[in-house]
Every structure is written in structure tokens, then in C-alpha cells.
Amino acid sequence: MDEEAIPKPGEWPVNPQEDQPILEDRIWIDGCFDFFHHGHAGVLLQARRLGTSLTIGIHSDASILHNKGPTVMSLPERVLAVSANRWSTLPIPYAPYVTSLDWISHYGCKYVVHGDDITSDAGGEDCYRFVKEAGRFKVVKRTPGISTTDLVGRMLEGGKGHFVGSLRKVVKGEESMPRTGKDVQDEKSVVEERLGAYASNETGLEPGVGVFFCEEEGLKEDADKDRNGGGNRECRYRFDEYIKGKPPLPGQRIVYVDGGWDLFSSGHISFLREVVRVEEEKARQVGWSEEYSPWFVVAGIHVDAVINEVKGGNYPIMNVYERSLCVLQCKYISTLILSAPFHPTATYLTSLPYGPLSTVYHGSTTYHPHTSDPYSDAKKLGIFEQIGVHDFQHVNAEQIVGRILERRGDFEERQRRKEGKGVREEEVRRGETTTLGR
């Protein structure tokens, strides 16, 4: 569609087709949202807290190519990522790159929110100039230390300087985060605040997702004997509640998923959406009638060292803190288990918070060098279920890195263009003297 034209009734990309009343608490935000990360989520959270609904405009591949450079993720993938965000109310694809008063007014939004940086179009002009002139622009803090440009840089450079040794030690003030240069206690406060914020519910103001740290406590002897007469030995686990969330409601089935969740992409989101769809179909078949959802998804996330041991290279591209924030912001997640084991043993699965599991779900892993089956214990317990074909099942961190490397020259040029635009945009930002603090 022509993003410069004002659509007529019946031509708007998403309903409603008729102009809506403009409401003070209906917020608009827009962007590229290229491989959606926790920096994007942080801006959405702040925007959501300014109103009661959040309409999100998503630019097309063509408009981004013209104004910024090539995208890594396609428009359908980017729309899926925004739709899965807990604070998103209405995603709007094909939103114009230069924010239009006609578009935001059509969807009934009084204000546009953006981070405290300047975004310019291909001609070097501020993309928000029209809404600023109309007094309908609000500024929130940009999440420091993360951007699509940063992540592309990690892929092209191949270093491991972003890895986190122990997130548990970071939140205890015993270890620093990489590349920040901040005092350990200052970092502890920032990490604690951000994890707590991203664990909030759909309003962004109240508790939502619970967070636990998993700790190995040592070995236990199994009463069963193996064929050689020796006792089976495996770790015991302790789960320390770090952020108090909402517990399961009566009748909800508790299910478990785990992984590295690196670059938290369309493949992960499509898998989680399918888990929820399967659970809702099971509930429908038994006559579920409650107003709340029938599922409670517990997600385990592996530490950086475990993922690197399995995949090598400089994987994970996102460290465990960044990946945790990406998982926390997803509306399909009910509880997060940090430092989850790569092989979820029977002891681990039967000692998880909130009681017995109904199902352990996993997809068809396309990259798996291990000969042993990590889900052998779940299968022995009779609770394993593999999710079949789903949208974007082929998309994972390796595939995304492959997209970058295939077009390395294009993305290196995009990086150079971004650096040049960044200098000009910073000059504009410093020169602004409006009441918006620009």
C-alpha cells in the first residue's frame, strides 16, 4: 500500500475503518522493530504506562530500506513480535516512516511516544516533526546499551565480550555486567529495576510474571538400580523466588518450555503461540468455561556458558540478562526459571514451582549436535509433547546470523550509514529547546 497516502474507509491496514474518537489515554508508538529486542520492549512498556491502550505502528520493509537500510526480519515477522508483546494493544503494519497526524488521529491516539533520541528520514529530517509541531509528542528514556545496530555488530565482529558469567551474582552485587563501566552496586540496582519492570502485567503497573533462580544443591541417590547394580545419581534443585508473580489459577494446566531463546525471534514466538493454541484446544474439548486462560507457561532459560558449549562461536548473541528480558515481555509466558539445566531431569521437572506439570513442550530442533536426548526424562514421565509444524519454525539465531552474513556488505553499509546519521541526529537533539526536552 502507499504509505504516504491517507487511506480511505476500507483501505486502512487494520480495523477499525472509521475514524475513532481521540482519547488522551490512547497512545501511539511506531518503529521498525527489527528483530524485536528488550530495548524495543522497554520503550513499549514506558509508553503503555502513559495510557490505557497502546497502538503500535510498524514500518514496511520498503520504507525502512529507503530511509534506513535493509531489514533483517520481514514485516510479518516484525508484526508477530510486536503482537506478542504483553503491553501491545493494536499492531498496525505499513505505518508511515514519518509519523502522520492523520494516521494517529484515525486510530484515536492523542499522543505519540518515542525514546529520547532523534530519528530522521532519508532526507535527514526529523520523523516526528509533524506531531511535535502539533504538541502531541511525549519522550521516554531509550534503553542504553542495546539496539538492532549493536546486535548486528556482534554478529559481524564475532566476539564474546557481551557474555554474563552469573546473573545471580550480578543481582547480588558480586559481579559486574559486561561493557558498562558502572559500579557493581549501580548495575545491581539497574538490573533489578528492569527485570521487575519487564515482569509486570499487561498494564505495566502491577505484578505479572514470576521469576525464580534455579540452583543445583548437589547429588541425590536414586533408589532404583541400573543394570550394573549401581545407584543412579542426579542433581537436586532449589528454586529461589526472585520476583513474585501471579500464581496459577484454579484449573490452569502448568506446562514447561525451555531453551536459549537467543535473539528471541519469530521462530520462538510462533512456537509459544502454538503451545498456547494447543492448550486452548485441549481446554475447549473438556468444556473450559472460565474467563481466564486455561494455560500457565513456565519457561526455563539457559546461561550463556551452556549455550556456548552447545553451539560454539560467539553464541549466544544476546547474553542471559538480555534474553531474560525478551522472554519476560512476551505475553505467552507466566513464569521464568533462570539458569535452567540443558537436560531437564525427572528430579528437576517434578520439583518446579507450582506443582506437577501437565506437559513439557518442545519444537523440532534443527540445530542439535548432541547425541543424547535432553527430553528423555520428560518422555519417561509421559509428559513430553512435540509441537508440530508452525509458522517460522525454521527461524532461529543461526538462521538470522546467516541472513546477516549473506548480505554482509549491505549490513556493513547500513552500520556506516547509521553511525553517520547518529552524529547528525545527536547534533539536532542537543540543539532542540522545546518543552519536550529535546
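# Burial, packing and backbone geometry, with reasons

Q: Why does S266 count as buried?
A: S266 has a relative accessibility of 2%. The cut-off for buried is under 20% relative accessible area, so S266 counts as buried at its 2%. The model is a predicted one, and S266 belongs to helix α9.

Q: Which residues does S266 touch, not counting residues up to four places away in sequence?
A: They are M73, E77, L80, D391, F392 and V395.

Q: What makes the pairing of the S266 and E77 side chains a polar contact?
A: The two side chains come to 2.9 Å. A polar contact needs a pair of N or O atoms within 3.5 Å, one able to donate a hydrogen and the other to accept it. The S266 side chain therefore makes a polar contact with that of E77.

Q: What is noted about the phi of F392?
A: Phi of F392 is positive, at about 65 degrees, although F392 is not a glycine. Y94 is another such case, with phi near 65 degrees. Y94 lies in the loop between β3 (90-93) and α4 (101-106).

Q: Is Y94 buried, partly exposed or exposed, and how do you know?
A: The relative accessible area of Y94 is 31%. Buried is under 20% and exposed is over 50%, so Y94 falls in between and is partly exposed.

Q: How do you know whether E279 is buried or exposed?
A: The relative accessibility of E279 is 1%. With buried set at under 20%, E279 counts as buried. Helix α9 (residues 266-285) holds E279.

Q: What is in contact with E279 once its neighbours within four places in sequence are left aside?
A: The contacts of E279 are R253, V255, P294, W295, T359 and Y361. The C-alpha atoms of E279 and Q252 are 9.7 Å apart, for a sequence separation of 27 residues.

Q: Why is K132 called buried?
A: The relative accessible area of K132 is 17%. The limit is under 20%, so K132 is buried. K132 is part of helix α5 (residues 129-133).

Q: What contact does the side chain of K132 make?
A: The K132 side chain makes a polar contact with the side chain of D126, at 2.6 Å; the limit for such a contact is within 3.5 Å. The C-alpha atom of K132 is 9.7 Å from that of Y111, and these two residues are 21 apart along the chain.

Q: Why is α11 described as largely enclosed by the rest of the structure?
A: Nine of the nine residues of α11 are buried, so α11 is described that way. The buried residues are V320, Y321, E322, R323, S324, L325, C326, V327 and L328.

Q: What makes N319 a cap on the N-terminal end of α11?
A: A side-chain oxygen of N319 lies 3.1 Å from the backbone nitrogen of Y321. That separation is to be set against the limit of within 3.5 Å for a polar contact.

Q: Which residues meet where α6 contacts α14, and what are their classes?
A: From α6 there are V152, M155 and L156, which meet I400, V401, I404 and L405 in α14. By class, the contact has seven nonpolar residues, no polar and no charged ones.

Q: Where are cis peptide bonds found?
A: One joins N15 and P16, with omega about 10 degrees. Another runs from Y315 to P316, with omega near 0 degrees. P16 is in the segment before β1 (23-31), and P316 is in the loop between α10 (304-311) and α11 (320-328).

Q: What share of the chain is buried?
A: Buried residues account for 54% of the 438 residues. The chain has 15 helices and twelve strands.

How values were computed: Residues numbered from 1 in each chain as written. Predicted model: local features only at pLDDT ≥ 70, side-chain atom pairs only at ≥ 80, totals over all residues. Heavy atoms only, no water. Contact = heavy atoms within 4.5 Å. Helix = DSSP H or I, 4+ residues; strand = E, 2+ residues; numbered from the N terminus. Nonpolar A, V, L, I, M, F, W, Y, C, P; charged D, E, K, R; others polar. Buried < 20%, exposed > 50% of the residue type's maximum accessible area, 1.4 Å probe, protein only.
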